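These are my notebook entries from a first reading of the structure, kept in the order in which I looked things up.

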Amino acid sequence: MTAELTRLGASALAEAIASGQSSAEEVTRAHLDRIEAVDEAVHAFLHVSTESALDQARAVDRARALGDAPVSRLAGVPLALKDIVVQAGVPATAGSKILEGWIPPYDATVTRRLVEAGVVILGKTNLDEFAMGSSTENSAYGPTRNPWDLSRIPGGSGGGSAAALAAFEAPLAIGTDTGGSIRQPAAVTGTVGTKPTYGGVSRYGVIALASSLDQVGPCARTVLDTALLHEVIAGHDPLDSTSIPQPVPLVVDAVRRGQADGVAGMRIGVVSQLRGKGYQAGVLESFDAAVATLAAAGADIVEVDCPHFEYALAAYYLILPSECSSNLARFDAMRYGLRVGDDGTASAEEVMSRTRGAGFGAEVKRRIILGTYALSAGYYDAYYGSAQKVRTLIKQDFEKAFTAADVLVSPASPVTAFAIGEKVNDPLAMYLNDLATIPGSLAGIPAMSVPSGIASDTGLPVGLQIMGPALGEERIYRVAAAFESAYVAAHHRSVPDAAPELEVGVR
Amino acid sequence: MTTAQTLAAGLMDYDEAIQTYDPVLGLEVHVELGTVTKMFCGCPTDFGAEPNTQICPICLALPGAMPAVNRTAVEYAIRIGLALNCEIASWCRFARKNYFYPDMPKNFQTSQYDEPIATNGYLDVKIDGQTVRVDIERAHMEEDTGKSTHVGGATGRIHGAEYSLLDYNRAGVPLVEIVTKPIVGTKALAPQVARAYVTALRDLLSSLGVSDVRMDQGSLRCDANVSLTPAGNPLFGTRTETKNVNSLRSVERAVRYEITRQAALLATGTRIVQETRHFDETTGTTSPGRSKETAEDYRYFPEPDLVPLAPEREWVEAIRASLPELPWIRRARMQADWGLTDLQMRDLLASDAVDLVAATVDAGASPAEATSWWSSYLGQQANVRGVALNELPITPAQLAAVIAKVVDGPLNTKIARQVVDGVLAGEGEPDEVIAARGLAVMSDDGALHAAVDEALAAQPAVADKIRSGKLQAVGAIVGAVMKATRGQADAAKVRQLVLSTLGVEG
């Protein structure tokens with residue numbers, strides 16, 4: 001019974017709990033058991049909050065016993081929280097040694113909304129240090145492994161959240177996406193993940209990488225579950241002044257519309273610049289098949305040209321390091337986290353320097369150095385200033401494209417999951433994993449990855465990226481749901497359901 | 001001292017310095033806004049709380065915390081900008097000023113940089129009847145840092161300290177920094193102009209209700225930039241920036257000291273080092289701050305955690321409409337209304353009596369009476385007690401009530417002082433003091449007649465003199481009557497009574 005519970009999706013679990021068919025505690029225990037059984041091999045979690053998760057689940061059960069209506073459509077459903085979102089009383093590391101042992105005294109807005117919705121937080125998931133990476137190999141606490149093939153990466157930075165879904169350790173997860181950290185892991189683990197419109201979800205309590213790009217988003221194994229979670233976490237927050245004072249998009253309705261009506265009459269644009277060179281053959285093959293599926297489901301397929309996307313990666317790797325060099329300055333050993341070299345003779349500045357030297361990993365240092373350089377007097381205009389101009393041009397490319405198409409599609413990741421260690425010494429090769437996702441990040445538009453199938457060349461999942469105009473979440477969910485329905489109808493099971501059963505307890 | 005001697009001491013005689021060089025000033029004033037909460041979070045801003053009790057994830061820069069702008073702080077900044085005749089930006093941003101320092105939790109200061117909220121204003125200041133217009137470059141918003149206390153060193157500064165304590169209560173308190181354009185052409189008056197400017201600014205900010213402007217508590221802080229250029233040379237020399245100037249007097253002294261110090265260096269052909277200097281209140285001298293090997297690069301960039309500020313025009317105009325009468329305009333009006341000379345007005349200002357006089361006038365007293373009471377008798381009382389005028393335990397309303405009784409007759413000035421003494425001694429309201437002490441002008445004519453008769457009888461020679469027309473002799477009889485009645489008689493009335501008793505025309 002418990003094994004079966006972990007195979008269910010969030011909406012099914014919520015219904016089972018609401019109807020009394022299963023208790024929330026039972027559902028939570030099933031997932032904790034699954035984590036216990038497989039996470040030694042997968043290493044999706046950095047911290048498992050067994051007691052607080054069970055307490056939360058029992059609270060949902062008590063409320064139901066008292067006859068209260070469920071507090072949300074996800075009450076009692078377990079979730080894996082990326083360890084860059086703070087939860088009061090639960091260790092938060094951001095994947096870095098510099099925060100080892102720090103226990104936040106406050107909840108992120110997202111955490112508070114989850115708790116208020118009765119969502120059960122199982123624990124904190126692994127990530128590349130401060131979300132810098134595309135493989136989760138940059139975590140100071142060791143890599144996460146892809147449940148499809150344990151010798152391969154689960155993507156990054158949100159590899160832990162994506163792997164937890166693919167390994168059936170949790171039906172829901174929270175990710176954060178700065179340049180693709182939700183979408184690329186979703187793609188390479190055969191799961192679903194959405195980066196909402198910038199400002200759609202509060203960033204308050206989310207440890208910042210690049211403030212103008214970071215966005216929190218929902219992850220799950222189905223489009224519907226992702227939409228349900230999206231509605232729980234989205235909405236204006238006065239604590240994040242960049243959050244948009246707009247109503248939460250009705251993405252669950254949009255999913256139902258996509259499931260029922262498909263994409264008839266919708267214009268779907270294929271971005272010329274997001275295919276071809278640098279994309280794996282099996283990925284392109286799966287992508288072309290997905291486009292054909294959408295056409296068959298009633299969409300008009302159009303080709304769109306976004307000439308400035310060529311410069312997106314370069315602009316991104318100036319803007320992100322610049323912002324992160326400043327955001328990460330607070331990790332200085334003065335108030336929290338690691339403290340190194342405080343021997344009674346060293347000055348505060350020396351302790352700061354020693355701590356940062358010891359506490360940050362190589363990729364973090366690389367980006368801090370790059371950003372410090374890019375913002376320096378005399379270089380600002382040439383680097384940060386020019387990058388911001390490119391950003392504007394990319395936004396304009398999107399605006400133009402969205403006059404010709406309702407949504408845009410591309411592969412979410414240029415390649416399927418690669419081997420652990422394969423690119424770890426080649427930062428540029430690593431950066432190319434976000435080739436398709438970075439333009440949407442720079443423009444602040446909503447984008448998601450849904451599994452488009454299994455690559456014929458590697459046998460690993462491929463992700464279809466669907467992008468919409470700012471605040472156009474309902475469109476992308478509709479298209480994603482329509483595609484997912486068509487895929488399941490054709491293949492008789494979803495991509496995540498095709499993930500290998502892990503040999504429990506064995507690596 | 002001879003010129004050679006003062007130069008050897010590193011200083012040039014002030015008059016000589018001014019003859020040789022033109023001083024150029026630049027004043028940067030930081031004012032802590034009196035908002036209830038901090039610039040970017042909801043923590044209180046109260047001064048003097050236990051260390052690290054007014055902190056939260058945001059102002060402590062815990063991982064994940066981010067700022068949200070305090071609207072009242074923006075309103076105060078706009079008030080300041082408008083009162084300084086500035087243009088208010090229709091769109092502006094905060095930037096990050098990046099540098100590492102333990103008392104700055106984020107290791108960057110969120111501050112306006114090249115897009116300040118207010119630009120291009122001026123403030124007119126008066127010195128010896130002459131008006132000097134100080135041009136304002138900008139007023140911008142920023143946040144304060146925490147406070148470091150360096151323990152164990154001789155100087156209380158970071159060098160030589162054994163350890164440092166950090167208090168983040170002040171971190172994130174809203175500040176407005178007001179920067180002047182270079183102030184040129186003030187020559188010998190430069191130190192006074194600096195002081196007069198900061199004084200005028202302090203009064204303005206106080207009247208705007210945006211800050212308590214306490215220099216002693218650091219809610220108003222002035223950095224004085226001083227450079228010298230050979231007299232008549234339009235090019236500016238190298239400047240120094242003097243910090244820790246914590247009183248109006250210090251502003252003047254620090255500028256004066258820097259002029260004499262820099263002049264001495266220039267006279268011997270020594271270059272001025274561009275540096276931050278530290279003013280010592282005790283010695284009245286400045287000394288170099290920590291020297292920087294290289295110029296600090298703050299790597300400013302627009303604060304991505306905050307959306308741009310775009311104050312709506314209607315809001316700005318509503319703030320403009322709500323500005324109080326500016327203090328110098330109010331003062332000029334009062335001086336005219338009250339009929340005071342410049343000297344009288346200056347004395348009132350010097351003793352911080354203007355508001356008290358105004359309140360006493362508002363409570364019904366005449367300006368002359370109110371001015372006289374506050375500047376003389378109450379001024380003495382304050383001196384005796386070693387307190388400021390406004391710390392005396394008497395309210396303008398109480399004083400006005402006493403003055404009214406003098407005007408209407410029941411009290412004379414001498415008894416009125418006894419009533420005021422009673423109020424100051426905590427004996428209650430004026431009426432309670434009068435009742436309890438049995439104070440009132442003697443209005444019983446019979447008793448007064450008797451007292452006059454008795455005095456005349458006691459001094460027959462004086463009575464004769466008066467009868468013969470030597471009216472100045474009346475004083476002796478009046479004095480005797482006043483003494484006999486323990487001052488409770490109305491002296492003018494006594495005088496009349498003496499004259500009428502003796503049948504002499506007054």
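I began with the pair A:Arg275 and A:Asp288, which form a salt bridge whose closest N and O atoms are 2.9 Å apart; the model I am reading is a predicted one. A:Arg275 lies in the loop between strand 7 and helix 10 of chain A, while A:Asp288 sits in helix 10, so the pair ties together parts that are 13 residues apart in sequence. I noted A:Arg275 as partly exposed because its relative accessible area is 30%, and A:Asp288 as partly exposed too, at 36%.

I then turned to A:Asp83 and A:Lys124, joined by a salt bridge with the closest N and O atoms 2.8 Å apart. Since A:Asp83 is in the loop between strand 2 and helix 5 of chain A and A:Lys124 is in strand 3, this pair links parts 41 residues apart in sequence. Here A:Asp83 is buried, with a relative accessible area of 1%, and A:Lys124 is buried as well, at 0%.

Next I looked up A:Arg367 and A:Glu363, whose salt bridge has its closest N and O atoms 2.7 Å apart. Both residues lie in helix 13 of chain A, four residues apart, or about one turn of the helix, and both are buried. Over all chains, I found 44 salt bridges in the structure.

How many salt bridges are there between chain A and chain B? The count is one, and I traced it to the side chains of A:Arg203 and B:Asp305, which meet at 3.0 Å, N to O. For polar contact between the two chains, my count is 16 residue pairs, both residues being at pLDDT 80 or more. On the side of chain A that touches chain B, helix 11 and helix 12 are the elements that give two or more residues, and the residues of that side divide into 21 nonpolar, ten polar and eight charged.

I also recorded the extent of this contact, which takes 39 residues from chain A and 31 residues from chain B. The area buried between the chains is about 2800 Å², with 59% of it given by carbon and sulfur atoms. A:Ser241, A:Arg330 and A:Arg335 supply 22% of the area that chain A buries against chain B, more than any other three residues.

Last, I examined A:Thr355, which has its place in helix 12 of chain A and counts as buried at 0% relative accessibility. Its side chain reaches the backbone oxygen of A:Val351 at 2.7 Å. Beyond its neighbours within four places in sequence, A:Thr355 is in contact with residues including A:Ile98, A:Ala333 and A:Leu338.

Conventions:
Residues numbered from 1 in each chain as written. Chains lettered and ligands numbered in written order. Predicted model: local features only at pLDDT ≥ 70, side-chain atom pairs only at ≥ 80, totals over all residues. Heavy atoms only, no water. Buried < 20%, exposed > 50% of the residue type's maximum accessible area, 1.4 Å probe, protein only. Polar contact = N/O pair within 3.5 Å; in protein donor to acceptor, adjacent residues only side chain to side chain. Contact = heavy atoms within 4.5 Å. Buried area = accessible area lost by both parts, 1.4 Å probe. Salt bridge = Lys/Arg side-chain N within 4 Å of Asp/Glu carboxyl O. Nonpolar A, V, L, I, M, F, W, Y, C, P; charged D, E, K, R; others polar.
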